[in-house]
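Hi everyone, thanks for coming. I'd like to walk you through a structure that may be new to you, so please have a look at it first.

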Amino acid sequence: MKKVVKDAEITAKETAEKVVSDVKEAPKAAKKVTRKAVKAVGETVAEAAGKVEKKAEEVRSEAKKAVAKKAVAKKAVKETVYLQYLGKEINKDDLMKAVKEVWTKQMKKKAGDLKSVTLYLKPEEDMAYYVINDEVTGSIEL
């Protein structure tokens, strides 16, 4: 019976030592598993980020194409306007040039400050009346 007790004590001691050893090794094993998990998740996140960036680039490319198509569709129409009256021919572009000269040379204003021009043509008075930037008014002879 002493032998059975002694064997049981040895087995218990070995089992206890094994449990203590396993407990000591558990944090190391947990760290190793955690590192592997973090690495796997990191790679997954990096892959997802790459996919998102690729999709974003595709969307940007499509947007650029759409803007380019719209720009082509909105080409300016060349306009030429003439007023013919009592043997005179007056061109819209010549009138605009004259108004711009009044703005820059007579009024000593900067060309960049000219935002809008509205012209009123009155051939019976031989005059063109203008409104610049919705504030300044005047006239020029046709």
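**The sheet and its neighbours**

Let's begin with the open sheet, where three strands pair antiparallel in the order β3-β4-β5. A strand here is a DSSP run of E with at least two residues, a helix is a run of H or I with at least four, and both are numbered from the N terminus. Two strands count as paired if DSSP finds at least two bridges between them. At the edges sit β3 (117-122) and β5, each of which pairs on one side only.

This is a predicted model, in which local features need pLDDT of at least 70, side-chain atom pairs count only at pLDDT 80 or more, and totals for chains, interfaces and linings use all residues. Residues are numbered from 1 along each chain as its sequence is written, and side-chain values use heavy atoms, leaving out hydrogens and water.

Now, how do the strands connect? Between β3 and β4 there are six antiparallel bridges, and Leu-121 has Ala-128 in β4 as its bridge partner. Strand β4 (residues 127-132) is also joined antiparallel to β5 (residues 136-141), by six bridges. There, Ile-132 is partnered by Val-136 in β5. β4 and β5 make a hairpin with three residues between them, and Asn-133 in the turn has a positive phi of about 55°.

Finally, how confident is the predictor? On pLDDT, its per-residue confidence from 0 to 100, the chain has a mean of 79, with 75% of its residues at 70 or more. Confidence is highest in β4, at 92, and lowest in helix α1 (residues 2-73), at a mean of 70.

Definitions and conventions: pLDDT is the predictor's confidence in each residue, from 0 to 100.
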